[in-house]
Amino acid sequence: MAQAGPVPHGADPDAYDRLRRRVLWRMPSGIYLLGSASGDRRNLMTHNWAMQVAVVPKLVAVSVRRDAFSHELVGEGGAFSLSFLRRDDRALARLFTKPAQEGPAPGMLGGQQVQLGVTGVPVLVAAAAWLECEVRTTAEAGDHTVFVGEVVACGAPDEEAALLRMEDTRLNYGG
Ligand SMILES: Cc1cc2nc3c(=O)[nH]c(=O)nc-3n(C[C@H](O)[C@H](O)[C@H](O)COP(=O)(O)O)c2cc1C
């Protein structure tokens, strides 16, 4: 695999590349489903690069691959949601790694019940908690775009639920 970025003087490039990837994978994170919509197209995508980035106003940043369907939808629709997965819902993280199909029943996306937020993006009904954000700023970040959104709605159907984190799974992203 091609090396990306600087290698410290004297380091073996391949060994350093592997170390750097392992360290990046160890950055603690949650796992969410990122909801997006434009017109009648919508999607849910497994996502972990999300964090709050301002207090006033309440801003949350998400970083989305430029070649993802969700990138097109967030860019066009100007909004996104983050559905917080429960720790025992790890199967859902594997389900939403490619564009989700509508249905099979009305009100479902990728086989999961969704509701529409105030901005029109889908939110997972089974989420322990969720945020909905309107995009205020975007920043190019290599092969991703960082969308910074202001929180315009949120909900917490189950505030006691333990949330799914990357270390609860065998999944990783980036590195
Ligand atoms: C655990 C996990 C975390 C992920 N986190 C992100 C992420 O933060 N940003 C991102 O663009 N893609 C992330 N992905 C990849 C997406 O889920 C998806 O495969 C890809 O972006 C295409 O999504 P699409 O349905 O919008 O085309 C992650 C995948 C996994 C398995």
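Predicted model: local features only at pLDDT ≥ 70, side-chain atom pairs only at ≥ 80, totals over all residues.

Now widen the selection to the two strands, β1 (residues 32-38) and β5 (residues 79-84), which pair in the antiparallel sense over four bridges. What holds such neighbours together? Strands of a sheet pair through backbone hydrogen bonds, either parallel or antiparallel.

Next, bring up the whole sheet. It is an open one of seven strands, in the order β2-β1-β5-β9-β10-β4-β3, with antiparallel pairing. Look at the edges: β2 (41-47) and β3 (50-54) have a single partner strand each, so one side of each is left without a neighbour in the sheet. Turn the view and follow the twist, which averages 35° from one strand to the next.

Which residues of α2 are buried? Pick out S70, L73, V74 and G77. Look down the axis of α2 and you'll find its buried residues within an arc of 95°, so they line one face of the helix. The cover over those residues includes β1, β2, β4, β5, β9 and β10. Before you leave, click on G78, which follows α2 and has a positive phi, near 70°.

In soluble globular proteins, nonpolar side chains tend to be buried together. Here the largest nonpolar core has 34 residues, and Y32, L33, F80 and L85 touch the most other members. At least two residues of this core come from each of β1, β2, β4, α2, β5, α3 (90-95), β8 (122-124) and β9. Zoom in on Y32: setting aside its neighbours within four places in sequence, Y32 is in contact with H47, A50, L82, S83, F84 and L85.

Last stop: the ligand. How many residues surround the ligand? There are 20, and the closest are W49, A68, F69, S70 and Y173. Colour β2, β4 and α2, the elements that give two or more residues to the shell around the ligand. Which of them gives the most to that shell? That's β2, with four residues. Finish on S70, one of the closest residues to the ligand and also one of the buried residues of α2.

Terms used: Residues numbered from 1 in each chain as written. Pairing = 2+ DSSP bridges. Axes fitted to C-alpha atoms, helices over the stretch in contact; angles between N-to-C directions. Buried ≥ 20, exposed ≤ 12 C-beta atoms within 10 Å, placed from the backbone. Arc of directions from axis to C-beta. Contact = placed C-beta atoms within 7 Å. Core = buried A, V, L, I, M, F, W, Y, C linked by C-beta atoms within 7 Å. Near = placed C-beta within 6 Å.
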